[in-house]
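These are my notebook entries on one protein model. I set down what I looked up, in the order in which I looked.

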Amino acid sequence: MLLARFLTALRLGDTAEAVYHHEKAIGRGDWRRLPVEHRAANLVDAARAYLDAGDLAAAGRTLVDADTIAPAETRCRPAARTLAAEIARSGPPAAGVARLATTLGLTR
């Protein structure tokens, strides 16, 4: 239910509400019972929410976490690749984001 609220808030543009529901959802025990692909897809969406909220560090960490648990979600999903490029261009990226951007072929 919290993940549905997260996605609804994200789609409606209420990033503060989306971040709140995401953080609440990942703190619950049933988060770990989701298939890794679902967790990673949710983390990609959460990274978008963090970026839209102006929290570049959290966006980068969340996207790297998604890549760690299910690399195909970040490496094959166009939205994740676009997000990685946006995070990398938004400022000096953290080491994990820089590695991910290089892996995705987004750097020169």
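**Entry 1: a glycine in a helix.** I began with Gly-60, which lies in helix H4, residues 56-69. The model is a predicted one. Is Gly-60 buried or exposed? I found a relative accessible area of 3% for Gly-60, which is under the 20% limit, so Gly-60 counts as buried. I then listed its contacts, leaving out residues up to four places away in sequence, and found that Gly-60 touches Ile-87 and Val-97. I also checked Gly-60 against Met-1: the two are 59 residues apart along the chain, and their C-alpha atoms are separated by 25 Å.

**Entry 2: the partner Ile-87.** I next asked which residues Ile-87 contacts, leaving aside its neighbours within four places in sequence. I recorded Leu-51, Leu-56, Ala-59, Gly-60, Leu-63 and Val-97.

**Entry 3: the nonpolar core.** I looked up the largest nonpolar core, which has 26 residues; Leu-63, Leu-83 and Ile-87 touch the most other members. At least two residues of this core come from each of H1, H2, H3, H4, helix H6 (78-89) and helix H7 (95-103). H3 gives the largest share, eight residues.

**Entry 4: helix H2.** I compared the length of H2, residues 15-26, with expectation. Its 12 residues should span 16 Å at 1.5 Å a residue, and the end C-alpha atoms are 16 Å apart, so the two values agree. Which residues of H2 are buried? I noted Thr-15, Ala-18, Val-19, His-21, His-22 and Ala-25. These residues cover an arc of only 165° around the axis, and therefore lie on the same side of H2. Helix H1 (2-12) and helix H3 (36-52) are among the elements that cover them.

**Entry 5: the whole chain.** I counted seven helices and zero strands in the protein chain. Its pattern along the sequence reads α-α-α-α-α-α-α. The radius of gyration is 13 Å, close to the 13 Å from the globule rule for 108 residues, so the chain is as compact as a globular protein of that length. Along the principal axes, the C-alpha atoms fill a box of roughly 40 × 25 × 20 Å.

**Entry 6: burial, surface and contacts.** I recorded that buried residues make up 40% of the 108 residues. The chain exposes about 6100 Å², of which carbon and sulfur atoms supply 54%. Of the contacts between residues at least 6 apart in sequence, 56% join residues at least 24 apart.

Conventions: Residues numbered from 1 in each chain as written. Predicted model: local features only at pLDDT ≥ 70, side-chain atom pairs only at ≥ 80, totals over all residues. Heavy atoms only, no water. Helix = DSSP H or I, 4+ residues; strand = E, 2+ residues; numbered from the N terminus. Expected span 1.5 Å × (residues − 1). Buried < 20%, exposed > 50% of the residue type's maximum accessible area, 1.4 Å probe, protein only. Arc of directions from axis to C-beta. Contact = heavy atoms within 4.5 Å. Rg over C-alpha atoms; globule rule 2.2 N^0.38 Å. Areas by Shrake-Rupley, 256 points an atom, 1.4 Å probe, with all protein chains shown as cover. Core = buried A, V, L, I, M, F, W, Y, C linked by side-chain atoms within 4.5 Å.
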